[in-house]
Amino acid sequence: MSGKSRRPKRLEGSVPPSSAAFANRMEKQKRSDMIWLVVLGAAVATPLILMAGKDMQRNLYQTREDCVTDYSESECPRDATYHYGSNRLDDSSVRRYHGPWFEAGSTQRTSADPGPGRQQESSARNSFAPGRTSYRPPVSREYGIRGGFGRSGAIRAGRGGFGG
Amino acid sequence: MRRVAVAPRREWQARLLGNGFDFHTLVTDDGRPDPYWIEDACYEFSTSQIEDLESATQELHDLCLDAVGEIVDRGDYESFGLNQFEATLIERSWSLGERGLYGRMDLSYDGSGPPKLLEYNADTPTSLLESSVAQWFWLEDRANGDRGAHKFDQFNSIHEQLIERWQTVLGKPGGCVHFACHQDSPEDFGTTEYLRDTCIQAGWKTETLDMSDIGFDGMQFIDRSDRVIDRMFKLYPWEWLFAEEFGAHLGGSRTRWLEPPWKRLLADKAILSWLWQHHPGHPNLLPASFDRSAIAGEVVFKPCLEREGLGVLMLPTGEAPPDSPRGIYQASRRLPIFDGRHALVGTWVIGDVACGLGMREDQHAITRNTSRFVPHRFR
């Protein structure tokens, strides 16, 4: 371990151990040489997006272009896990692109929910949304849930932490 | 072992905040500030006392690992309250050799005689940041500011052991490790963020999320960006994961969890009864049993799956708790009192190495989540 750099990156005022401290060290060292933190000290709590217990769904598209017509590019990653028509995780012959999760029953995009997609919203309004003329609607829809973990912690939170 | 009055550092609160330790002062129910970290005193040990604590912790951890192996081999789950699904996940994680990250033992120790195991917080231990970082910088600062203080050492190589352990547990860096907890709890969030910090230093990309942000897409657990979660550190008890809505998906998903499911056995106080049954008279164990009448004298009743002292009762001879949940009785071993405070020794195991110590103290005999953290040193 002595070959590793332990110079602190973010912490002001931290200093390397003094030579006296090294000299005092026992044959079997029991303490750290240097502590180095990269996240803490600048840590800011992440804002929570709580969708506890809500049924969610997302569109699956044949091509990324179709997905981007409904959403933004960053909302249309290539699906790394969904293999259409197969449960085999190593079968990469057929892939799909999925849009973001949105709340089941949502009809339009809001700041908290991406909604069913621009073309879907337009269809619901019987209006035309600019886009590719070759747009193909989602081939299917996936269903999932958020908030299936965390309930016990939320209940316990009122009584303080629960770590041991 | 003694409690020594020392001068706090100037602007110690700012120093702690600079270490990322932002929950050093709690707030009482009626809104008053209540110090969680104090540094107008410290606990001082001799080298031989630290070595006793180190060797006892190592011995107990090894016993615990042997216990898990035997329990899994025999399918001896009855006293742990597991259903078949839970037992299967535990067996699978053990047989696959999934490795644990960390744990904290609570010991009763007054400086003489063998330390006694009160419990092993092997699934969701907290007070890690203060043990690893805050008291280390406290010692360093004092060594720089006080002529005599440089003579002291500290039982604390938690930080570098964690970085090494990540490398052992995860292997060659690649992909992303997710970190989840109940983020509304400052202590849990601080502990999780500190672990994430060490994981980054081990070379991994990380993401953080609240437990309630975890999604399930029908096949896999996913994060807020719908990315599949391959490796997940959770500061969230296994019994809650099993019991909640997504618990049913734990068997089919590819997510590898830290702590692994087998830690559920060690987090259950039933392990104390199991250990005593299989190692009666062990110098670092206290008599423990599900049968009140098996232990003479004053006992402590401990619910099997509670934390932070919740539900713990001290029972005089012959008395049993009314309407109690599943729990064990442990022979009473009262914590030593220093300057009117009950002192609890918490020793850290990172991976399989005993490597650190954190002291908690309280006016009450039972340590709670509000019990104060006090730094330590030895020479």
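Guide: What follows starts with the core and then turns to the backbone. The model is predicted. Its largest nonpolar core has 46 residues. Among these, B:Phe45, B:Leu265 and B:Leu275 touch the most other members. Helix H2 of chain B, residues 47–74, gives the most to this core, with 10 residues.

Take B:Phe45 on its own. Neighbours within four places in sequence are left aside here. The contacts of B:Phe45 then include B:Met1, B:Ile50, B:Leu53 and B:Tyr109. They also include B:Leu357 and B:Met359, as well as B:His376, B:Arg377, B:Phe378 and B:Arg379.

Now the backbone. Between B:Leu258 and B:Glu259 the peptide bond is cis, with omega near -5 degrees. B:Glu259 sits in the loop that runs between strand S12 (256–258) and helix H8 (263–267) of chain B.

Two further loop residues have a positive phi without being glycine. For B:Glu11, phi is about 50 degrees. B:Glu11 belongs to the loop between strand S1 (2–5) and helix H1 (12–18) of chain B. Its relative accessibility is 65%, and exposed means over 50%, so B:Glu11 counts as exposed. For B:Asp339, phi is also positive, at about 50 degrees. This residue is in the loop between strands S17 (337–338) and S18 (341–350) of chain B. B:Asp339 counts as exposed because its relative accessibility is 52%.

Notes:
Residues numbered from 1 in each chain as written. Chains lettered and ligands numbered in written order. Predicted model: local features only at pLDDT ≥ 70, side-chain atom pairs only at ≥ 80, totals over all residues. Heavy atoms only, no water. Core = buried A, V, L, I, M, F, W, Y, C linked by side-chain atoms within 4.5 Å. Buried < 20%, exposed > 50% of the residue type's maximum accessible area, 1.4 Å probe, protein only. Helix = DSSP H or I, 4+ residues; strand = E, 2+ residues; numbered from the N terminus. Contact = heavy atoms within 4.5 Å.
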